[in-house]
Every structure is written in C-alpha cells, then in structure tokens.
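Morning, everyone. Please look at the chain on the screen, and follow the strands with me.

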Amino acid sequence: MTSLTQDNTTTTPAKETSSTTGTPGEPTIAVIGAGIAGLSAALAVANGDLDAGLPGQHVTLITKTDLVESNTYHAQGGIAAAIFPDDDPKLHAKDTLAAGAGLCEPKAVDILTREGAEQVRRLIGAGVRFDKHPDGTLLRGLEAAHSRSRVVHAGGDATGKIVELDVSAIARDTPNIHIIEHAFVVDLVTEPIDTHSPAAGEARAAGVTSTVRGVRLFDTATGEQRTLACNRVILATGGAGRLYPFTTNPQVATGDGLAAAWRAGAQVADLEFYQFHPTALGVGEHFLISEAVRGEGATLLNERGERYMTAIDPRAELAPRDVVARENFRQMMAQGGRPVLLDATAIGRKMGLDQAGLTAFLKHRFPTIDAYTRSMGFDWSREPIPVTPAAHYWMGGIRTDVWARTSIRGLYAAGECARTGVQGANRLASNSLLEGLAYGRRAGLAALRDTDAAVWQPQSLLGSAANAQTREITEPQTLAIPSPDTQVDTDAKPADVRDAIEQTMWHGVGVLRDADGLSHAQSRLTGLVEQTQTQAQAALSKMAEKPKTNATASVPTPDDIANTVTALENRNLATIGLIAATAALARTESRGAHARTDFPDTDSVQACSRPFIRG
C-alpha cells in the first residue's frame, strides 16, 4: 500500500516522534480523533503540500480509545464521489444542495464534491481496498436522493472498517505522525488575544477573542492527567449518537470535541438537525441496516405487510432519510411502537433471483449485515426483518469557514463535529466520509499554512433568504450554561445519569418534536448539566489524589477510570443536548431533519442557520 501523498510514493518505516514539538520554532499541531477526518488532517500536516511548496511537519494524533475505533470504522454504505464517466461534481453538488433543504453553503458544497472526488481517487491510488468488478473497474451503488450511482464501497457493507484500517496503517507508517491512544480530551486550554497586538482589530471584527494554547488530557489506561501544549488543535472527534438510547453510533460517540469547543467559547450552529437513520435493526444493539440495502431494492412494510412509502414520496424507500425516518416512526406509533419491517426478499424479485441466488447475493453484497441478522435469529433472505429509526448523524457542530477554522484562533474542526455548511438541514447519504476526507485535509493544510495572526473567514449564514428578520436570526445567540452546584446529587450512578440524558433526548428532542416536549427537555437538561459538571469535577479531583504507581491499594482501579470517563462523557452529552434542545425550540418550523408537529410547515424567513455561543 502506498502513502496518501501528492505523488503516492511508498512510505518509509515508522519511527517514534515527539508528542509535543517538531523542529524548534515550528508550531505544535495536535489532531484529536482518528476517524477519516482526523487521519486525513494528520496526513496533510505530516506530508504537507509539495505542489504548493508547503513542507510537512510533526503532528500528534490523539485518540480516545484504540486508533481505529471511530464512527468511520462502523460506517457501512460507502463514499459518494463523482468519479465515473456519467457523473460530475456539479451534479453531485446539486443533489447535496437539494437534500440540505436550503441550509447548505454552495461554496462549501462545491469544495466537498470537487476535492472529495480527488481524495477518493487518491485513496484508490494508495491501495485502499474498494470493491471491484472482475475486470478491475470499481463497483458502485445508488443511495437515497442521489441522481447517479456514485457510492463506492469496500467489503460489501464494511466500507468504513476497511477505509479506517487501511488509512490508519498509512498513518502508523508516516514518520511525522506520533500517535497517542487512550487519551480523553477533557478541555481545551485557551488565552485571551492580546488587545495590543497588530492583528487584534481584525480578530475582534471576526468575533475572535481567544487563541488555543493546548489540550488537557485524561489517560484512560492509568488515570493520569496532563496538559499537552500546542498552538494548533484540529478537532475531528465525530458525532454524539450516544445522546439517544437508539443509535447506530459506537460507544465513543459522545460529542467530546464539540463540548470542549463550546466550553472554550467557539460558535456552534445547526445543532437542531440530527439525522435519524430510518433502518436500524429493531432488536439488540440497533445495528445499522445500510441505506444501500434499500438502494438494491428492499422495501418497507408495516406489520400488516403493506408497503407504505410509495404513498408518501415518489422516490418511495429512496426518499431522503428524514422523510423515510419520520414515516417509519409514524407507522410504529400507529402499531403501538412496534418496529416496521424491511423486506429484502424484494431484491430477489427485482433481480430475478431464486432463493439460493438471493441468499448468495445478500451474503456477498452485505456480509456484515447478513452475519449480524443471522446471529440474531433472522434469515432475511426469506423473511422481512424488524427495523426502527435510530440517531445516526449530526448535521450541526462547531461552526467553521471553508478552511476548517473556528471562531477560536488556532482551533480547527473537521468531520461530524464540525458545521462546515455542506450538510445543511439533512445530509445526503454517504457524504459523511467524503466530508471527512475533503475537510480533514483542508484543516491540516490550514494549520500548516496559517500564521499566528490568522482568523476565520466564515461564510454568510443567510442561506436562501436575505431579509431583516433573517439577518437577526443569524446573529450569534448567547446561551448561559449553569455553573456546577455542590448541592446536586453527586452520588448518582453515572449509568443512571446517562440513561436520564438519553431518555430526555429521545422523548423531547427526537424524531418528532413540539414546544411542550422541547421545553421539558430544556428544563431537565439544564439540571443535568449542573449535575454532570459537578460529578465530572469530583471524579477528576478524586483521580488526581490517587497515586499512579506503587503497590498501594489506593491506585486507580479500572472501575475508577471507567466511572471517570463516563462522568466526563455525561458532562459533554448533557451540555450539547441542552444546546440542541434550545436550538430546536427556537426553530419554529419544520425543515430537513428537524420536524415540529406544532410547526409542520417550512418558513422562508428561517431559511438560515442559527449560531450559538456560550454566554
């Protein structure tokens, strides 16, 4: 396998590099998160851009658990890319804008589809194991709301796993990348911008008041706490599906980077838009049943065996995810909350396959899903399987410009934790890994290129509207977060607090919303923020008091460390959940993935993104 450098040259063997400094005088750059966005950012820093005369530098790549554990690893469907003769990035951009329901930034989308296609070609050139026909040409699939078959995949339904394994192997073999595993980012370290500096006026005009100086880390293996000094930090920490009890996301998806950026004073936007995947298995761990299954011809049925999506949208099961998820949810409510059914036998009828042929096709095309469903006692080649909507992807996040800069100098964000403007109110299927590739690389190059005086240059949030009311909405709104209270219940079990957060979000800030449910969630989450902040501080203080070595009974136990991690995650989830509830309550319309039963129509005045900042 070759390196993801400009010329795809073979890498040399890995060697240990410093976790804190590169060449004396060079900026220290840290990348937090090792999914596709973080890996792309780290490789961009390490390799530089030789065509632009930008040499690579040392970079520290920090990951919460093992290097490969990320949302990327669990992604199934594939990567959308306009790399085929019958396709074009402009057509891909048009599909993306349509799915985004008026909130995508056209410039950001253009970058996504053009540069994303280039990055996919680079992955192919580097030897990433995409699925191919016997003649060596790429296989590709069709997914919801795409006007072309443009989704490349690997391992059938294991695209994320193979991409993560292949690209992380390249990162491990890149000499300039130093990897720190099992390090939880507790907080960012910032300092106010010097008001007497030459660039202070430009910073103030852009709303930038602080600069990053480092990250506080908690070692999840030893319980130690330390600060890593750096003046460039790239957040690529993924989403926060663990806000909800039903989610396709792994255990690590707790919004850590987003919450840390918020506490540091970064602007966020579009947090009311959470995409619920229409089809997670209705039992067990709510395993994702990829969109690609419907792309191949599977249909949705209610418990009476009736197909219903044909009456909802002309695209039927391939309508945008928010449309399908909401109708699945309504059908479930009409049948007492029981799951709807996904009928993969329709694929056999569509393709003219007999029973044996369909069994072989499903096993080959969707090996991971096939194995999991069979492990749960289902033979989906013979019978429909139960499915339910589940939290899948957050369109909103830390607001950035098109070079991934945030409103904190020296802080960048890429991937699902960022709000780049490419996803709008509803992400187009299989654009997530593409965004990580394109904007992760941009974040790395910007961190290399920017001077210490650089500030972000965000795009306008006006969207498709431009009137006085809309402009007022796009002004950053401050949201006060309650301070820790020593009177709150610090003895509550972290698992019970997590359950309270999940249930509050599911019932109040879930697939369908209204003012009463959102107001209740906002009130409940305010109390949970206070409680989780107090518990997190107490847990860190307790860990700091314990010696980390010696044969003493007071060293941190695995349970101590696990409870501290859960307390820190709970603090993050409660905080960003409160922001999401507040943003959803403020948006008095239905748009994209945000559905208000009390405001079912779309309001043109609100065709814009709403930024929030900590008050």
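**Strands and their partners**

Strand 1, residues 29–32, pairs with strand 11 in the parallel sense, over 4 bridges. Strands here are DSSP runs of E, at least two residues, numbered from the N terminus. Two strands pair if DSSP finds at least two bridges between them.

A quick word on the source. This is a predicted model: local features need pLDDT of at least 70, side-chain atom pairs count only at pLDDT 80 or more, and totals for chains, interfaces and linings use all residues. Residues are numbered from 1 along each chain as its sequence is written, and side-chain values use heavy atoms, with hydrogens and water left out.

Back to strand 11, residues 232–235. Which way do its residues point? R232 and I234 point one way, V233 and L235 the other. All are buried, meaning under 20% relative accessible area with a 1.4 Å probe, protein chains only. Now take V233. A30 stands opposite V233. In strand 18, the bridge partner of V233 is L411. Strand 18 covers residues 411–413 and pairs with strand 11 in the parallel sense over 3 bridges.

Next, strand 9, residues 210–219. Of its 10 residues, 7 are buried. Strand 8, residues 183–192, runs antiparallel to strand 9, over 9 bridges. Strand 10, residues 225–229, is also antiparallel to strand 9, with 5 bridges. There, R216 has T227 as its bridge partner. Strands 9 and 10 form a hairpin with 5 residues between them. In the turn, G223 has a positive phi of about 85°.

Note on methods:
Buried < 20%, exposed > 50% of the residue type's maximum accessible area, 1.4 Å probe, protein only.
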